[in-house]
Number of protein chains: 6
Amino acid sequence: MTRGLFIGRFQPFHNGHLHVVKEILSENDEIIIGIGSAQDSFSLKNPLTAGERIEMIRDLAKEMGFLERVIIVPIPDIHENMVWPARVMELVPKFDRVYSGNELVLALFENFGVKTIRIKHVNRYIYQGSVIRNKIISGEDWKDLVPEKVYQFLKRVGFEERIKRLARNNGEVNK
Amino acid sequence: MTRGLFIGRFQPFHNGHLHVVKEILSENDEIIIGIGSAQDSFSLKNPLTAGERIEMIRDLAKEMGFLERVIIVPIPDIHENMVWPARVMELVPKFDRVYSGNELVLALFENFGVKTIRIKHVNRYIYQGSVIRNKIISGEDWKDLVPEKVYQFLKRVGFEERIKRLARNNGEVNK
Amino acid sequence: MTRGLFIGRFQPFHNGHLHVVKEILSENDEIIIGIGSAQDSFSLKNPLTAGERIEMIRDLAKEMGFLERVIIVPIPDIHENMVWPARVMELVPKFDRVYSGNELVLALFENFGVKTIRIKHVNRYIYQGSVIRNKIISGEDWKDLVPEKVYQFLKRVGFEERIKRLARNNGEVNK
Amino acid sequence: MTRGLFIGRFQPFHNGHLHVVKEILSENDEIIIGIGSAQDSFSLKNPLTAGERIEMIRDLAKEMGFLERVIIVPIPDIHENMVWPARVMELVPKFDRVYSGNELVLALFENFGVKTIRIKHVNRYIYQGSVIRNKIISGEDWKDLVPEKVYQFLKRVGFEERIKRLARNNGEVNK
Amino acid sequence: MTRGLFIGRFQPFHNGHLHVVKEILSENDEIIIGIGSAQDSFSLKNPLTAGERIEMIRDLAKEMGFLERVIIVPIPDIHENMVWPARVMELVPKFDRVYSGNELVLALFENFGVKTIRIKHVNRYIYQGSVIRNKIISGEDWKDLVPEKVYQFLKRVGFEERIKRLARNNGEVNK
Amino acid sequence: MTRGLFIGRFQPFHNGHLHVVKEILSENDEIIIGIGSAQDSFSLKNPLTAGERIEMIRDLAKEMGFLERVIIVPIPDIHENMVWPARVMELVPKFDRVYSGNELVLALFENFGVKTIRIKHVNRYIYQGSVIRNKIISGEDWKDLVPEKVYQFLKRVGFEERIKRLARNNGEVNK
């Protein structure tokens, strides 16, 4: 049995993420999805809470039939890079390899002797959380950038309204 | 659709926990299991990591056929009681009620207007994590206090050896 | 008896703040003034310490005759938005409503069922902390932007000198 | 104008505290009351929140006529002793001397060249927070150990019920 | 070139520590001494600051002629066991093996594939920090339990007086 | 005996730092070098770990013959400016004066009555960590900006490769 780990912020989960998840599922029995910056929410960078992000991904996994093969784990930031992979290893079940397109993530895990696989993001300039959030702020269409099931979830929790609202004060409690 | 939340440290998951989980599943569509003190591990009070605790509970859920109905979420301590329920609500998907036998947990959630249900622990003096850990230290039998599937998992990760080893220096890095 | 809560950083307390305070006092028996980012000081964004900010506001309240009706409470940041209102509720006496012009603050408190009142800042582009601090750095006049009593306090603690000095190394210990 | 600083946890504010406060007021123009362990509440050691403690002391100050002479400031713990006086000095307005009966507090402030005054607690074995809390748990009378106004406040917020409830699970979220 | 790592709290550095240091120096070119619980001081468990502990060990190293072969590094606690070895590896120069008599320390480093060497403490019940601190409190002789140079340092910084003073209020800011 | 304190991030240690170190050594018996932002590493601002920075400076000190006169201490950030000098004083041995070219550092230490000496950086626009790191990213020559011994160390640990790699994802775990 093998497990692949994939960490992202998923603000929101988009088609680029889906592409990677499918790839990992095709190469492993199970996938662990780590939800990064789990402590952050209601900010312009991280509008959704970790709980909402879990639900969004579970909804999709249920529809696509891989719910039993996915383990979703929120991972709070630690702001001490060298130590971050140890926190990840503490919070998630044992895994065989880390998939990432982020050189820092790859370097940090290599540092602890973990097997890493460099992924190529598809259409990186389109399928990107910040692109989607900016489209929402400027009132552009973004529906086709995320899976249909995710779009429904985001509509239900008022994702668009929340982002637009936060954008009015650039999302800081003490602006 | 309703969800019940149940938080514990699960060091390890025992028959008392199983009793509660079954009860919650009989009254709700889904159960959220919050893994408390998620940041702690390799200590006498919390020998297992959060990742191991996720795996232990998933193994059992898979065997008992409720894997699709359970959401397992590690919850790091915050040491600021008033604020703790807000952290829980941030990290887990929306839920309808909290089940707990701990008066502090009940009081804190009531404080935020969350619906709470007081549970009665069965055989509290036998089915208790600290009782099991102490039996292991003193070499007594503990197999019957946990579900068979959990026992197998604990054997596989060396739970007994870890506890006995930690007991030699009372589990502090700077003793 | 009713109480209104108003949170700001007050770097420094200016005429825009005064306008809001008067409004809240006209609608409530008491006002709680929460001093945000209380842990920060000697930075370009937060030159004054929380202690100095308490004193600045007390001086004014004494002069204007509302000292017995104001409760001033420093509130350290928590960098976990969902959890921040719980910390505020922990640190300040019970209140009936929150007054804010910040959409994030309003959203977070609404989330916990607290009554919120959206305030309109008067002359937002003039009465603003950052505007005042920048005027000081560039040597412009700023006296008329703050209450006379506040101006006297700021002169006494060397507010101008401190800001100008911090501006030389952009206010970071490890620049 | 002189100010004296007095720090305590005030769980609850009792006659011993009142004695000290009167002494400090007789020797200074103003008193700063620092509320220690401000982040803790709903625990057996700290049942009241910082906000409740502020209100309790204000009620008394109002009744006794020294409200305009008292500055009440919550002080969260830092768990780094050497650094704690610096945090206190950051959070409270300038003061002239610290009054304390705690040798550690005296030593730490002396370390930074602050003037300290060693106080003698009156009837230390009777007027003590833990004594009062234990009396409540064991159902003994405690009314005479606190000022009448404080007693009324504690009745109003359900102090006795909270302590008795917390005592049932020794006041830990993850017992 | 090889380096051995040895971590302790050194409250104070005693003959048992010296025995280990000599052993490590005989087997390695250099020794890294990690000062554990570096953030704690002025407490009954950790009376000396990290800075004082550095100086105490340097004084001895200078006298005994191994100053050029020792690297002394303060290591603040992290209260997240799995992550602690990563913090140690971040703070100290590369090393070849860890020497420890603490099973938890050994287990945590083994977890990351670091080579560990189990040491046997000599006269563990005599050469122990807590024994020395208790002897000081009860006024017993302790001079022979530490190297002469360390004793001189401790006399100079007032180690005995500090411990006796802290013992009067059991060393907590908010007792 | 006098000691001068000098704090920097040393990413990397360059000729400007060396100039200051020589000056301090000429005026004092010993120098304490505080390694700022010690908890950060593998970021674009702080590529080297604290451990590597210790080794880099020790290598140089050994070669230049002042190893016995230097005390190198990592200092983790605290993000609470008023409190930062207290943390420094806790972590390093007693010193007589602080040398700094940073107005904030000078102001904070003055605040606690510590003697400060304002240094003039030589060739500030050339000898600067960020300049060197940017030269590496853009493939320019930087060898002459650091001492030869430092250059050798940085080659050995792969400083250039690390920076170039981090630059590809701007060095954030959750970009």
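## Basis

Residues are numbered from 1 along each chain as its sequence is written, and chains are lettered from A and ligands numbered from 1 in the order in which they are written. Because the model is predicted, local features need pLDDT of at least 70 and side-chain atom pairs count only at pLDDT 80 or more, while totals for chains, interfaces and linings use all residues.

## Chain contacts

Chains C and D touch: 18 residues of chain C are in contact with 18 residues of chain D. Contact means that the C-beta atoms of two residues, placed from the backbone, lie within 7 Å. On the chain C side, the elements giving two or more residues are α2 (50–64), β3 (70–75) and α3 (84–91). The largest share, 4 residues, comes from α2(C). Helices (H or I, at least four residues) and strands (E, at least two) are DSSP runs, numbered from the N terminus.

By class, this side of chain C has 11 nonpolar, 3 polar and 4 charged residues. Here Ala, Val, Leu, Ile, Met, Phe, Trp, Tyr, Cys and Pro count as nonpolar, Asp, Glu, Lys and Arg as charged, and the others, Gly among them, as polar.

Two other pairs do not touch. No contact joins chain C and chain E, and their closest C-alpha atoms lie 18 Å apart. No contact joins chain B and chain F either; their closest C-alpha atoms lie 18 Å apart.

## Chains E and F

A rotation of 180° with 0.0 Å of shift along its axis superposes chain F on chain E, with an RMSD of 0.0 Å. The two copies are thus related as by a two-fold rotation axis. The superposition is by least squares on the C-alpha atoms of residues with pLDDT of at least 70 in both copies. Of the interface residues of chain F, 100% are also interface residues in chain E, so the copies meet through the same surface.

## A helix pair in chain E

Helix α2 (residues 50–64) packs on helix α6 (residues 148–157) of chain E at about 145°, with axes 9 Å apart. Axes are lines fitted to C-alpha atoms, for helices over the stretch in contact, and angles run from 0 to 180 degrees between N-to-C directions.

From α2(E), the contact uses Glu52(E), Glu55(E), Met56(E), Asp59(E), Leu60(E) and Glu63(E). From α6(E) come Lys149(E), Val150(E), Phe153(E) and Val157(E). By class, this contact has 5 nonpolar, no polar and 5 charged residues.

## A buried strand in chain D

All of β2(D) is buried: 6 of the 6 residues of this strand (residues 30–35), so it is largely enclosed by the rest of the structure. A residue is buried if 20 or more other C-beta atoms lie within 10 Å of its own, exposed if 12 or fewer, and partly exposed in between, with C-beta atoms placed from the backbone. Glu30(D), Ile32(D) and Gly34(D) are on one side; Ile31(D), Ile33(D) and Ile35(D) are on the other.

β2(D) runs parallel to β1(D), joined by 6 bridges. Strands pair if DSSP finds at least two bridges between them. Arg3(D) stands opposite Glu30(D).

## Backbone features

Most residues other than glycine have a negative phi, and most peptide bonds are trans. His79(E) has a positive phi of about 55°. His79(E) sits in the loop between β3 (70–75) and α3 (84–91) of chain E. His79(E) is partly exposed, with 14 other C-beta atoms within 10 Å. Phi of His79(F) is near 55°.

The peptide bond from Gln11(A) to Pro12(A) is cis, with omega near 0°. A cis bond also joins Gln11(D) and Pro12(D), with omega about -5°. Pro12(D) lies in the loop between β1 (3–8) and α1 (15–27) of chain D.
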